[in-house]
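Hi,

Here is the structure I promised to pass on to you. Have a look at it first, and then read on for my notes.

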Amino acid sequence: MFGDLHNHTTASDGTYTPAQLVQVARDLGIKVLGVTDHDTLAGLDEAEREAQALGIKFVPGVEVSLRFTRPFFVGTLHYLLYIPASLFHNAQFREEAEHVLSLARGHALNKARVDKINALFGPAGAIKQVLKTDLTVEEIEALASNVTRRHFMLALKARGLETDTINLLISNDSAAYVPSGMEPADLKPLLDKYPQLVRILAHPAAGSFPGESFYKEVLPPVSTVIQLMAEMFHTGFTESPSTTCASAAPALLPVHGFEARYPGHTPELERIVVEWSTRYNLLVTGGSDCHDPTNRRLGTAGVGEEEANKLLHRLL
């Protein structure tokens, strides 16, 4: 593996500090490292300094949570933004980006999720009495400053709940589900102002992984992603590889590529996503989606030198 382009640190829901992540990448022989925390740029400066010290090519990025409410899907898709170095060091861009990214998460979302879980599954739950005592926002926010659904999972696991029970409370199918993320329209002005940002649809087929997977989480099946893709990301997109149609209108959030090389994609799912990129002459990217050294490790997926260099060239 030459490049591992999708990874998380303690700036969101990873267990490595940004510097530690870079050090592990060095130990694994990774030459190009992407750091893409959820909805924040907070860990990127530390990662950049360590990468420069260790001679690793650093790709700053962010994994944006996009919220959808459709008759066929209520939930979140992830949209990777990779940032050219000149833009990354632009103070105005950083300020504007952090403001927009803050729309995706925060105390209000945490409280809304906690309140709904308690109302439906707390000691007096309207659906089922799962929790012996009410869940608190303090429990969740003690785990991170930038809370994700993984922190809800950790808090509920600390209460002794099993995975199936946790999913009853926080999965996309849960009656208590409150999706994270910003509305796609809230991200569009930033993308319009800074067209040099490279936009990649993250792990688009991971929701169709057969059986259990740490990477499947609560992602929708690929059939749902295809519906959203034609509407949102590539209005000329068609499911059939033998059919291409001209886009009738610009996509709201156009993509420059798809994350195909991913540990939650089977070989067949990876083949499907690579075919999309090939058909529309888009980038192929990949990464481990590292969160920890045990279950979601660095170096489990990524790109070769040619695919890494295509992304780096686009970032010039």
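Below is what I found, taken one region at a time. Please keep in mind that this is a predicted model.

Let me start with Ser 12. This residue sits in the loop that runs between strand E1 (3–4) and helix H1 (18–28). Ser 12 counts as buried because its relative accessibility is 2%, and the cut-off for buried is under 20%. Its side chain makes a polar contact with the side chain of Asp 13, at 3.4 Å. Beyond four places away in sequence, Ser 12 touches Asp 37, His 38, Ala 144, Asn 146 and His 151.

Next, the nonpolar cores. The largest one has 57 residues, and Val 64, Leu 66, Tyr 79, Leu 187 and Phe 233 have the most contacts inside it. Helix H10 (residues 222–233) gives the most to this core, with seven residues. If you click on Tyr 79, leaving aside neighbours within four places in sequence, you will find contacts that include Val 62, Glu 63, Arg 199, Ile 200 and Pro 254. There is also a second, separate core of 18 residues, with Ile 117, Leu 156, Ile 166 and Leu 169 among them.

Helix H2 (44–54), strand E3 (57–70) and helix H3 (85–88) each give two or more residues to the lining, and E3 gives the most, with four. By type, the lining residues are 11 nonpolar, three polar and two charged.

Best wishes

Methods. Residues are numbered from 1 along each chain as its sequence is written. This is a predicted model: local features need pLDDT of at least 70, side-chain atom pairs count only at pLDDT 80 or more; totals for chains, interfaces and linings use all residues. Side-chain values use heavy atoms; hydrogens and water are left out. Buried means under 20% relative accessible area, exposed over 50%, partly exposed in between (1.4 Å probe, protein chains only). A polar contact is a pair of N or O atoms within 3.5 Å; within protein, one must be able to donate a hydrogen and the other to accept it, and residues adjacent in sequence count only if both atoms are side-chain atoms. Contact means heavy atoms within 4.5 Å. A nonpolar core is a set of buried Ala, Val, Leu, Ile, Met, Phe, Trp, Tyr and Cys residues joined through side-chain atoms within 4.5 Å. Ala, Val, Leu, Ile, Met, Phe, Trp, Tyr, Cys and Pro count as nonpolar, Asp, Glu, Lys and Arg as charged, and the others, Gly among them, as polar.
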